[in-house]
Amino acid sequence: MSLAREFAPEPEPGPHAVPRRRAGPSRVWVLLLLTHAALLGLMLSRRLDFLFNDAMHRVGPASDFATYYVAGHNWLEGRSIYRGGYGFGYRYHPLFAMTAGAGLCHLPIRAAFALWVVLHELLLLGDLWALRILIPDGLRRRAFAALMLLFSPYYLEVYMGNASFVAASLLLFAFCLDRQRGPVLQASRTADSRRDWALVLLFVASIVVKPVGVVFLPLLLMRGRAAAALGIGAAAAALAVPYFFRHPLDLGLFLTANLEGRAQGWVVHAGNQGLQGLLAAILTRASGISTAELSSLSQLPAAARALLVASQAAVAVLALRASWRARERLGVGVFLGSCIYLLAFGEVWEHSYSILVLGLAFLWASDFVPPRLLLGCSIGLALPTAFALYDVALPPGGNDPEHHWSLLVSVLHHATKPLFLAPLFAACVIRAERISGRRLPSG
């Protein structure tokens with residue numbers, strides 16, 4: 001591999017980029033789409049429950065969607081959207097409950113959930129269409145598109161009715177606009193203002209749906225988009241003011257729901273597939289505390305809590321440092337931002353990995369890590385865990401198998417997704433350090 005190829009930044013397509021010829025339909029694509037439709041049907045009809053903890057040991061399809069639905073109903077009835085509610089309760093931006101939740105709750109919940117499923121499918125098609133611009137190489141683009149059509153976290157996301165994929169898709173469209181806008185740090189008064197406004201609107205909408213986008217605001221600063229980053233943060237905060245002005249006590253409930261512990265037995269649980277979930281499961285058992293009795297991480301010894309905080313800080317610092325070192329490559333920064341959420345956030349469910357439709361898409365477009373490593377880890381992230389082999393027979397509803405597992409089984413379960421994500425994270429960090437001392441060509 002030549003140095004020019006080794007250290008050249010990813011191409012930043014501009015407005016005059018020549019589009020490639022469209023490929024005709026193929027039997028492979030027809031087969032993939034049919035397989036996708038069949039898997040989605042099997043998932044929603046509960047034929048694949050045995051593959052996922054969240055399907056086997058929760059209350060069934062639309063478990064998370066019902067939270068938005070009930071929050072919207074509470075808003076229309078003049079009640080607090082943060083007091084009680086369905087499941088773990090509503091804990092996101094109030095505007096989402098006031099708009100999407102309130103609108104959907106006018107329909108019977110089955111019809112509303114069906115509409116939510118259709119929205120996911122339309123966004124998935126939009127994501128696949130965006131790949132035509134994002135990944136110019138036809139073979140690589142088709143391989144990634146096939147991966148996304150078979151990505152198991154997506155199916156669980158749709159089943160649960162969560163909003164992570166919706167938020168990630170909006171961010172995918174936003175970053176595609178930023179990538180088209182031009183090379184890093186080349187913002188000017190003559191830049192396309194309509195593209196800038198679209199970036200801001202998509203970003204704000206994503207944060208309103210689910211605040212995953214907050215972790216990408218530093219990346220916008222690194223890209224010379226300070227005005228956009230500040231505008232996004234200010235707009236997201238301002239849009240929450242009307243609700244909290246009307247319900248001032250709910251601000252405390254909102255912060256408590258997002259920052260403090262949960263009911264006993266739901267701090268360390270089988271649904272958590274993040275790195276922090278793995279560490280918390282190990283440290284809780286090592287501290288001699290029963291996972292079924294843990295209601296807050298504050299119950300852990302000081303050394304254990306310090307280790308958790310240190311691991312979160314390490315992931316964030318390494319990701320931000322590498323994003324800055326490789327700032328000419330937007331794809332690397334977007335992937336590393338996804339890793340900040342998946343590896344550093346305290347609670348990451350298996351379906352949360354559906355946000356990798358964003359992170360992996362940009363990493364596949366960047367040509368930054370070895371192709372075999374990228375393909376192998378991407379397939380590992382797309383596959384379900386081995387949950388079906390060590391599940392525990394429990395009564396229906398919210399009963400968690402975590403409290404019945406040995407340490408070995410718990411580690412195996414929680415390590416599955418981080419085991420495939422961490423090598424890609426490490427490869428990006430190491431490569432960014434390698435190129436940090438060289439001046440990369442602009443544009």
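Predicted model: local features only at pLDDT ≥ 70, side-chain atom pairs only at ≥ 80, totals over all residues.
Residues are numbered from 1 along each chain as its sequence is written, and side-chain values use heavy atoms, with hydrogens and water left out.

I noted that L122 counts as exposed because its relative accessibility is 54%; buried means under 20% relative accessible area, exposed over 50%, and partly exposed in between (1.4 Å probe, protein chains only). With V118 and L125, L122 makes a nonpolar surface patch of about 290 Å².

**Overall fold**

I counted 20 helices and 0 strands in the protein chain, and of its 443 residues 51% are buried. I then looked at contacts (heavy atoms within 4.5 Å): of those between residues at least 6 apart in sequence, 79% join residues at least 24 apart.

**Confidence**

I checked pLDDT, the predictor's confidence in each residue from 0 to 100, and the chain averages 88, with 89% of the residues scoring at least 70. Confidence is lowest in helix α1 (residues 3–7), at a mean of 36, and highest in helix α8 (residues 152–160), at 98. Over residues 1–9 the pLDDT stays under 50, and the model has 18 contacts for them beyond four places in sequence. Residues 12–24 also have pLDDT below 50, with 12 contacts in the model beyond near neighbours in sequence.

**Helix α5 and A97**

I found A97 in helix α5, residues 94–104, and it counts as buried because its relative accessible area is 1%. Leaving aside residues up to four places away in sequence, A97 touches A71, G72, I81, Y90 and A102.

**Aromatic pairs**

I searched the whole structure and found 25 aromatic pairs, taking rings of Phe, Tyr and Trp (its six-membered ring) as paired if their centres lie within 6.5 Å, with planes under 30 degrees apart stacked, over 60 edge-to-face and the rest tilted. One of them is F96 with W116, whose ring centres are 6.2 Å apart and whose planes stand at 50°, so the pair is tilted. Because F96 lies in helix α5 and W116 in helix α6, the pair ties together parts 20 residues apart in sequence, and both residues are buried.

How values were computed
Helix = DSSP H or I, 4+ residues; strand = E, 2+ residues; numbered from the N terminus. Patch = residues over 30% accessible without salt bridge, like charges linked within 9 Å, V, L, I, M, F, W, Y side chains within 5 Å. Areas by Shrake-Rupley, 256 points an atom, 1.4 Å probe, with all protein chains shown as cover. Salt bridge = Lys/Arg side-chain N within 4 Å of Asp/Glu carboxyl O.
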